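Let's read a protein model together, one feature at a time. Have a look at the sequence and structure first.

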Amino acid sequence: MSLPELIEIMPLDGPVSALITVPGSKSITNRALVLAALSEGEAILRGALWSEDTQIMTAALSLLGFDIDLEQDEREFCNRTIRIRGLAGRIPNGGTAEKPLELFVGNAGTAARFLAALVCLGRGVYRLHGSERMHQRPQAALLAALSGLGYRIDSANDRLPLVIHGIGPRSSSCHVDISESSQFASALLLCAAAGGWEVELAGESEEEAPYVSMTRQLIAVFPRKGGEFQIEADASSASYFCAANWLMQPRARIDVSDFPKSDWQIDTAFPRFLPLPVEVSRRRQLGDSIMTAIVLAPFGSAPTRFRDLERLRVQECERVAALKNELTKCGAKILEQKDDLTVFPASGGLHGAEIETYDDHRMAMCFAILGLKIKGIRIKNPSCVKKTFPNFFQKLAGRSPSGLGAAILDARTARPLPGAELFAD
């Protein structure tokens, strides 16, 4: 059985001690999948995330003609060992102008951007399309860069759906503006060696683009002649359990197993921002975990200003508005100034509310953590967590030490949901 359309998270009523595993990094997994496809020989990705976004990327690579094998990961149910036989930059399959090869990307920004660059290396015609929200998200800077490299891109409005005419590697250079998304640069850099491309960034400094830095570091160490590559746990997913640990003090000791030790993921810094400082920047200090921090902010001792949130507006939903709307429902006081949010301590406490998730996995997970503390938090469309963390609610409800032991109800009937019904598929 699948998750109900509306669930209620019951506050934890006693001490909790837990050691939680979280799935692999989505950002690293989808980058590694592209590099594996472009490598020579068999690449073995261990600890790879297996969720909607990575399944979309894997399915697209299979349609493009790559041989892919999957094995279950013994330590984490939502991870896989993925074997890909790379073809040294060759893309086996392509369509024609009359019948392009169709690639569906859902609402996966990494798949949409990375595949757009990758299929340019093929020799054929490809049509990329996705969900309604993905068709609204920005693509123009990437398409301009690919056009500058000499590839033909057909799009009515510089967004998906689009048709790409692949002509193979083509030595050339381009500039790409990353002010709307650093994924534009990552897409080009992942394919640059195979394509013979020189890529120059514009729009912000590389110090302000941590996901570009991740891409460069990954390219530098990835086994391009085949071999094994270990994908680390997702730091953004880990932030929810770090947040629960802080929120439930002094009655909690919640640790994350194999918390990432590298600096590849900007969100590995999240524990260092608890308790929250007076300012936090989305551009320089935290990535997606800044959403987790915003939801915690009403429990701070002083106001916190969250800066540089412009990219949150063009992601899975308009996240700045979504966070403000749903936290305000719970009684929080929030001031919005351009692309900043200032969240004030909730001196009178917060209260329960029915949380609209806007089909955004991170909205669902952030507010579920709030429900561990505040009575009456009900989450709409909880199955949206399948995008990156399908067993998230199982982690909340599982018995200690592998779960937090929270009760989760079908909010319509007040029926406690067993673990089997808490998986998002």
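Q: Where is the place of R283?

A: R283 sits in the loop between β14 (279-281) and α9 (290-296). Those labels are DSSP runs, numbered from the N terminus: helices are H or I runs of at least four residues, and strands are E runs of at least two. A word on the source: this is a predicted model, where local features need pLDDT of at least 70 and side-chain atom pairs count only at pLDDT 80 or more, while totals for chains, interfaces and linings use all residues. Residues are numbered from 1 along each chain as its sequence is written, and side-chain values use heavy atoms, with hydrogens and water left out.

Q: Is R283 buried or partly exposed?

A: Burial is read from relative accessible area: buried means under 20%, exposed over 50%, and partly exposed in between (1.4 Å probe, protein chains only). R283 is partly exposed, because its relative accessible area is 25%.

Q: Which residues is R283 in contact with, leaving aside its neighbours within four places in sequence?

A: Contact means heavy atoms within 4.5 Å. By that rule R283 is in contact with E204, E208, P210, D308 and E310. Take E204: it lies 79 residues from R283 in sequence, yet the two are 9.7 Å apart in space, C-alpha to C-alpha.

Q: D308 is on that list. Where is the place of D308, and is it buried or exposed?

A: D308 belongs to the loop between β15 (304-307) and α10 (319-329). D308 counts as buried because its relative accessibility is 13%. Its phi is near 60°, a positive value in a residue other than glycine.

Q: Which other residue has a positive phi although it is not a glycine?

A: Look at A88, with a phi of about 55°. A88 is in the loop between β5 (79-87) and β6 (101-104). Here the residue is exposed, because its relative accessible area is 53%.

Q: How do I read strand pairing, and what does β9 pair with?

A: Two strands pair if DSSP finds at least two bridges between them. Strand β7 (residues 123-129) and β9 are antiparallel, with six bridges, and G124 stands opposite G166 in β9. Strand β8 (residues 152-154) is also antiparallel to β9, joined by three bridges; there, D154 has V163 as its bridge partner. Strand β9 (residues 162-167) is mostly covered, with five of its six residues buried.

Q: What joins L160 and P161?

A: A cis peptide bond, with omega about -5°. P161 is in the loop between β8 and β9. Another cis bond runs from S400 to P401, where omega is near 10°; P401 is in the loop between α12 (392-397) and β20 (408-410).

Q: Which strand does β2 run parallel to?

A: Five bridges join β2 to strand β13 (residues 252-256) in parallel, and A18 has I254 as its bridge partner there. Strand β2 (residues 16-20) has a covered face of V16, A18 and I20, and an uncovered face of S17 and L19.

Q: What order do the strands of the open sheet have?

A: The five strands follow the order β18-β19-β1-β20-β21, with mixed pairing. The edge strands, β18 (353-355) and β21 (415-416), each pair on one side only. Within the sheet, β1 (residues 6-9) and β19 (residues 377-380) are antiparallel, joined by four bridges, and L6 stands opposite K380.

Q: How many helices and strands are there in the whole protein?

A: The protein has 12 helices and 21 strands. Of its 425 residues, 59% are buried.
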